[in-house]
Amino acid sequence: MSDPFYVTTPIYYVNDAPHIGSAYTTIACDALARYHRARGQDTWFLTGTDEHGQKIEEAAIAAGRTPIAHADHFVARFQDAWKKLDISNDDFIRTTEQRHKDVVADIWRRLEAAGAIYLADYEDWYCVGCESFYTETQLVPGDAPGVFLCPDHKRPVQRLKEQSYFFRMAQYAQPLLDYIEAHPEFIQPDFRKNEVVAFVKAGLRDLSVSRRTFKWGIPVPGAPEHVIYVWIDALTNYMSALGGPGTAQYDKFWPQAVHVIGKDILRHHAVYWPTMLLAAGLPLPKTVFAHGWWTANGQKISKSLGNAIDPLGLAADVGVDALRYFLLRETSFGLDGDFSHDAFLGRLNSDLANDLGNLVHRCVKMTELYAGGVIPRLEPGAFEDHPVHGKLAALAIHARDTVAEHMERLQPTRALEALWELVRGGNKYIDDAAPWVQAKDPARAAELSHTVRHFLEALSWIALMVAPFMPKKAGEILDRLGVPGGPERLLRWPRAWGRELTSGQKVVPGEPLWPRLDDDRKAELKARWGVKPAVRKPDKGGDPKNDKQADKPADKSAGKAPQAAAAPPPGSISYDDFKKLDLRVAEVKTAEKVPKADKLLKLTLDLGGETRTVVAGIAAAYAAEALPGKKVIFLANLAPATIRGVRSEGMILAAGDEQVIGLSAIDCDVPPGTKVR
Ligand code: ME8
């Protein structure tokens, strides 16, 4: 029996509605939790809200509410959002709950008992937005003498002089470095570990861990005029939700804890939290994984720019699974990413409508055409060495093991990449096996039934593996395959080839899982989402507010892409520009002359389940009869145009200046619809 699995999101501040950033972390954790449940592991998935502190107190006053009423309002929004995004958290912790306050007090007492806390005077500049102190050198001058601004919030900081409790963090620098060295999986990805090590090696200061200037927090045990620093309060949620040290739930899950966070709060999780735990004599979490930062259409996401992306709006319009898929697939988990609505809609058409949706549609349709709509038996060992059939099973087994390996390493993006090799492999298998050809030859009946079972089997494996990412669509695929039951059907991982489906079961036809979006629909969606034309600016990185890391000047360069050394040559385009081209392999189905136009042919093209008509100026080089069956490279997202009365929906690529000399081609056999990049 494998170890239990415990995964946590940050607890979100109750001063903002859920947005694309909080949705991202939460969806990533959800996919991990669902994967581990499917592997049969005892799994616990925690999320929640961070409700104390001066920032929340001020936001509540500004909203004309008590702090707890303010928190209740946002908690309801988070809980509603997570429900709509199919988040399967096992618990939701609020830092205003008594169960949490008790454990925070317990941790405080442990630190005190270990001699890790002392009382002293403290004076420095304080930013409420960050809930952190700054030294003068870190501040930005304000518009009047003696006024300084927070480097991130650009709002005036206050000079605070108060008695404060301190945590002897400096004393735990070396034990922390030793721990990091002995536990290579503790801080991930590796480049983040290196950042933390460099920060700790530069020396730690003791941390001020109590405040007297406001009341909205947990009182220091024995000194209720102080409230506990909001970050100590917040970090303890990961333990308090389990019941705290000494409880069975804690004993089971705590040592397996995986904290998934954004890079903005790495220092709190990889320095403050572990040094506190070392001081309190408690075990450290297994892993802190810091993912990257999203920008929106090339810009930093911020309320003032009005470019926040509402995940619920996107999900309501194109389905929650498309959003979940895009967020985890688009940007390598750990690196920064840009949320572009064009890229989102592009992937929806290519990876979901064309690849997976098309596969599901073809499998069900062909089962109806070639197997009477019933899942055929798989004869053990039959066609095992066959160059086409044998390959699919091998590909599926490879995908299963690779997806698992990546999920174990907290790499959902790579897992999806590996899974799509199988999705595309499934489409290719159908093209190569060509059941429509087998069906013409009665002597190949056994092979035909074997072919159908093979692609259906692959589809059932895909459904199980895609379930952590897209639970709704995975369920729908199993419905199509006639697999009875509810959500528990997804709590399985593929086992042996040929064992996932029940022979004799009827498949169930249905609408496409993702209808392909044409240009009009895309434009309509973008208008609805309020997408403004992109403003290209030099990359400011959209770095997260360093507000949460303010004990030392934050390393502003951390995690950013290196700056380009020189301006690009005139006329060059960026990779982002190139990515806008939806290039695909298309197979010519029919070709005919356009009346009264010597150079033009009208072609119908197969794009892997979708048919397009184009007018091509190739009649001087190609006779119409020579074209059917040829596979060419096709620009699928060119705006349609009417040429000589014929609507042309894209363009095939060909060589030649004035006159076409030859058509573009790919140097091996690939199925229609395959992306060209
Ligand atoms: O920091 N890109 O809460 P918070 C990627 N309460 N992820 C983003 C993002 C973006 N643009 N914006 C936000 C707090 N996030 C504390 C945490 S934990 C003990 C206390 C995600 O509401 C990312 O996970 O500001 C980031 O770490 C988190 O939201 C910050 O949420």
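This is a predicted model: local features need pLDDT of at least 70, side-chain atom pairs count only at pLDDT 80 or more; totals for chains, interfaces and linings use all residues.
Entry 1. Strand β19 (residues 601-606) pairs with β18 in the antiparallel sense, over six bridges. Here I recorded that Glu592 stands opposite Lys602. Strand β27 (residues 675-676) is also antiparallel to β18, and two bridges join them. I noted Lys675 in β27 as the bridge partner of Arg584.

Entry 2. Which residues touch the most other members of the largest nonpolar core? I found that they are Phe167, Trp254, Phe339, Leu356 and Trp420, in a core of 170 residues. I also recorded a second, separate core of 19 residues, whose members include Val588, Leu607, Tyr622 and Leu663. As background, I wrote down that nonpolar side chains tend to be buried together in soluble globular proteins.

Entry 3. Leaving aside residues up to four places away in sequence, I listed its contacts, among them Ile20, Trp294, Ile309, Leu323 and Phe344.

Entry 4. I turned to helix α5 (residues 173-182), where Ala173, Leu176, Leu177, Tyr179 and Ile180 are buried. Seen down the helix axis, the buried residues of α5 fall within an arc of 160°, so they line one face. On the face turned away from this buried side, I found the exposed residues Glu181 and Ala182. I noted that the cover over the buried residues of α5 includes β9 (187-188), α6 (190-201) and α10 (266-280).

Conventions:
Residues are numbered from 1 along each chain as its sequence is written. Side-chain values use heavy atoms; hydrogens and water are left out. Two strands pair if DSSP finds at least two bridges between them. Helices (H or I, at least four residues) and strands (E, at least two) are DSSP runs, numbered from the N terminus. A nonpolar core is a set of buried Ala, Val, Leu, Ile, Met, Phe, Trp, Tyr and Cys residues joined through side-chain atoms within 4.5 Å. Buried means under 20% relative accessible area, exposed over 50%, partly exposed in between (1.4 Å probe, protein chains only). Contact means heavy atoms within 4.5 Å. The arc is that of the directions from the helix axis to the C-beta atoms.
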